[in-house]
Amino acid sequence: MNKSPCLILTALFAFILFSCSEEETHSKAHNPIQELQFEVYDSLMVEVLEEVVLLDYQDEVDQYLLKERRGNNVLLVDGKGKLIKEVELIGEGPNQIQFALEGRFLGKDRFIFKEISETMDFHVFDLDFKKIERIKGPAEGFGAGIFISFFRQTFTSWSEDGKLFILGEEVNSYNPGDVDPGKIGADFYSRVNTGFFYDTTQDSVTRLSLYPTSWEPRKANRWIGQSFPYLAFDNRRRNAAVLPPIGNQLFLYEWDGNSLINEKAVILTHPDRNEEIPDVKRENFLYPSFSDVKNFGIYQLAIFYTAIPEDIYTEFRAKGENYHQDPEWRKAQAKHRNPRYIIVKGDQQVGIMNKLPIEGNVNLGLSDGTLIVKAADGEEERDYNLFYKIRLVEE
C-alpha cells in the first residue's frame, strides 16, 4: 500500500528525465546547411615589402614560417609578426633549393621544404637554415603535371624519438605510361596511390590510396577524370581528412602509425552544390568542385568554388578559342566563381559559411580551432601582408 505513491513518483521522475534527455538530444541535432558565424579575434601584420604567404605555425615557440609569394626568401616571424630571420632559400647554393613553394616546421629546431622537381625531394634544415639532409621524394616525374596553390600544403611532417615522418599527397606518384586512363577507365582509382608515407629510418616509401573505397565514382566503377583527392592530416590528433574535388563526400580516417584506417564518409551538401557529377568532357569551372580541405581544431573545412553558368560559358566560347583572354571573361569568373565553405565536426556536417567575416583566402588551420585568413588587397599600405585569425562562434 505504501509503495504505490513511490512507484508513481519514480515513474514520473523517469518520464521527466527521459523527456529532458530526448529534448536535449533533439536540440543538439544539427541542420547541415545552417549558416554558422565566424568572428575575427586577432590579426597579424608582417612588415616586409614583398607579399608573403603562411606556410606553418609552431605553437611551442609561437613562431610563423612564411615565404615570399613570388620571391626567393623564406621568413621566420614571432607571434606578433616581428621579423626574426629572413633567408634566401631559393637558389643553387649548398644551403638552397632550386624551386620550392611548401615548407613546415619540424619540431622546434628544424625546417623541412618540398622541392618542385622530377622526384619532389624534401630538404631538412637546422635553425640557421643550414641543410642537414635531402630525402628523395615520392614522384615519378611530371606525368600528371604541376598544380600550384599558395594557400595549401601537400604534406605534413613530425618527429618522434628522433625519427622523422612525412605524410602527404603527390599527384605525380605514378608513371602515366604504365597507367593509361583511356584504357583502364575507373580502374585508375584502385591502381593509383597518390598518398605516401615516409618513415625515414626505412629505405622505402609506403604508398597510400587516397581514392576512398566508398567514393561514389570508384564504387560505381565510373570514370570522371583524375580528380586527385586532397589530404589534410592533424598530427596532434592523428586523424586525416581526404576530399576528392568531384562528388559530395568527405572521408575521415584514423592513423595507425603506418596507414589510414576506419574510413568514414560524410555527405556534404550546400545550396550551391546541387549538381550531379558532370561528364568528364565538361569544363571544370562548370562544376562546383572542391579546392581544399583544412583541419582546424576538432573541425574540418571543405572549400569549393561556385560554378559558372553554362549559358554564360557558351556565350564566351562562341567568340573563339581565345575567349579566356577577354577581360570580360575574367570579370565573369570573378562574379560567378566564389568560394563557399562547409564545416564538418565528428562524422557529420554541422553547417556552412557562405562568406568569410573578412575578405581574403583561408591560408592555414590550427589545432586550437583557429583559421588564418590572408587578407585581400586593400587600400592601406602592405595590406597584402595582413593576416586575420578567425574562429567559429559556438553556441
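Start by selecting β6 (100-106), β18, β19, β20 and β22 (360-365): each of these strands supplies at least two residues of the lining of the largest pocket. Strands here are DSSP runs (E, at least two residues), and helices are runs of H or I with at least four residues, both numbered from the N terminus. You are looking at a predicted model, in which local features need pLDDT of at least 70 and side-chain atom pairs count only at pLDDT 80 or more, while totals for chains, interfaces and linings use all residues. Residues are numbered from 1 along each chain as its sequence is written, and side-chain values use heavy atoms, with hydrogens and water left out.

**Stop 1: the pocket**

The largest pocket has a volume of about 1300 Å³. Now select F147, R152, Y230, F290 and S291, which are the closest to its centre of the 46 residues that line it. A pocket is found on a 1 Å grid over the protein atoms alone, as an open set of points where a 1.4 Å probe fits, with protein on both sides within 12 Å along at least five of seven lines; lining residues have an atom within 4 Å of a point. Grid points are joined across faces, edges and corners, and the volume is the space filled by probe spheres set on the points.

**Stop 2: the sheet beside you**

Zoom in on β19 and β20 (residues 339-345), which run antiparallel and are joined by seven bridges. Two strands pair if DSSP finds at least two bridges between them. Click Y305 and look across to β20: its bridge partner there is P339.

**Stop 3: aromatic pairs**

How many aromatic pairs does a search of the whole structure find? There are 32. Rings of Phe, Tyr and Trp (its six-membered ring) pair if their centres lie within 6.5 Å; planes under 30 degrees apart count as stacked, over 60 as edge-to-face and the rest as tilted.

Select F233 and W255, an edge-to-face pair at 6.0 Å centre to centre with 70° between the planes. F233 belongs to strand β14 (residues 230-234) and W255 to strand β16 (residues 249-255), 22 residues apart, and the pair links these distant parts of the chain. F233 is buried at 10% relative accessibility, and W255 is buried at 10% too; buried means under 20% relative accessible area, exposed over 50%, and partly exposed in between (1.4 Å probe, protein chains only).

Next, select F290 and F304, which are edge-to-face at 5.9 Å centre to centre and 80° between the planes. F290 is in strand β18 (residues 290-296) and F304 in strand β19 (residues 299-305), so this pair ties together parts 14 residues apart in sequence. F290 is buried at 2% relative accessible area, as is F304 at 0%.

Then show R273, which lies over the face of F304 at 5.3 Å from the ring centre. A charge sits over a ring if NZ of Lys or CZ of Arg is within 6 Å of the ring centre and within 35 degrees of the ring normal. Elsewhere, the charged end of R391 sits over the ring of Y41, 4.1 Å from its centre.

**Stop 4**

Most residues other than glycine have a negative phi. Select F129, in the loop between β8 (122-126) and β9 (131-135): its phi is positive, about 60°. Is F129 buried or exposed? At 3% relative accessibility, F129 is buried. β8 and β9 pair antiparallel over four bridges, and V124 has E133 in β9 as its bridge partner.

Finish at D62, in the loop between β2 (52-58) and β3 (63-68). D62 is not a glycine either, yet has a positive phi of about 55°, and at 36% relative accessible area D62 is partly exposed.
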